[in-house]
Amino acid sequence: MRTNMGFIAAPGKVLLSEASHRQCRWIESREGFGVYVICGKRIREGSSFCVGHHDVVWGNRRDEQRPRPPVFRAA
Ligand SMILES: [Zn+2]
């Protein structure tokens, strides 16, 4: 079964259904039902995204990785 339903990506574009494990999964656009064009650059080590998109996804979330301060209940 073809997952891209015959859709052919424009030159230089990578379809999510055709991406390898080493390609950035950042979705650039939706071309049709279940058909996505992705970034497709080489991924950052240990990430699902390239360096630029890894930073977009994770770069501003450092605070969430810290333990949360204890919550003091009033009663
Ligand atoms: Zn990317």
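Helices (H or I, at least four residues) and strands (E, at least two) are DSSP runs here, numbered from the N terminus. With that in hand, let's walk through the chain.

This is a predicted model, in which local features need pLDDT of at least 70, side-chain atom pairs count only at pLDDT 80 or more, and totals for chains, interfaces and linings use all residues. Residues are numbered from 1 along each chain as its sequence is written.

**Confidence and layout**

The predictor's confidence in each residue, pLDDT, goes from 0 to 100. Its average over the chain is 84, and 80% of the residues score at least 70. Among the elements, E3 has the highest mean pLDDT (95), while helix H2 (residues 62-65) has the lowest (56). Where pLDDT is low, the predicted coordinates should not be read in detail.

There are two helices and three strands, following the pattern β-β-β-α-α along the sequence.

**The sheet**

Two strands count as paired if DSSP finds at least two bridges between them. The three strands form an open sheet in the order E1-E3-E2, with antiparallel pairing. Strand E1 (14-15) and strand E2 (27-32) stand at the edges with a single partner strand each, so one side of each has no neighbour in the sheet.

E2 is joined to strand E3 (residues 35-38) by four bridges, and E1 is joined to E3 by two bridges. Here are some of the residue pairs:

| Residue | Opposite residue in E3 |
|---|---|
| Leucine 15 | Valine 37 |

**Burial and the core**

A residue is called buried if 20 or more other C-beta atoms lie within 10 Å of its own, exposed if 12 or fewer do, and partly exposed in between, with C-beta atoms placed from the backbone. By this count, 11% of the 75 residues of the chain are buried. E2 has six residues, of which zero are buried, so this strand lies largely in the open.

A nonpolar core is a set of buried Ala, Val, Leu, Ile, Met, Phe, Trp, Tyr and Cys residues joined through C-beta atoms within 7 Å. The largest one has six residues: Leu16, Cys24, Trp26, Ile38, Ile43 and Phe49.

**Contacts**

Two residues are in contact if their C-beta atoms, placed from the backbone, lie within 7 Å. Leaving out residues up to four places away in sequence, isoleucine 38 touches Val14, Leu16, Ala19, Cys24, Arg25, Trp26, Ile27 and Glu28.

Phenylalanine 7 sits in the segment before E1. It counts as partly exposed because it has 15 C-beta neighbours inside 10 Å. With the residues up to four places away in sequence again left out, phenylalanine 7 touches Glu31, Gly32 and Val35. The C-alpha atoms of phenylalanine 7 and glycine 32 are separated by 8.4 Å, although these residues are 25 residues apart along the chain.

Among contacts between residues at least 6 apart in sequence, 24% join residues at least 24 apart.
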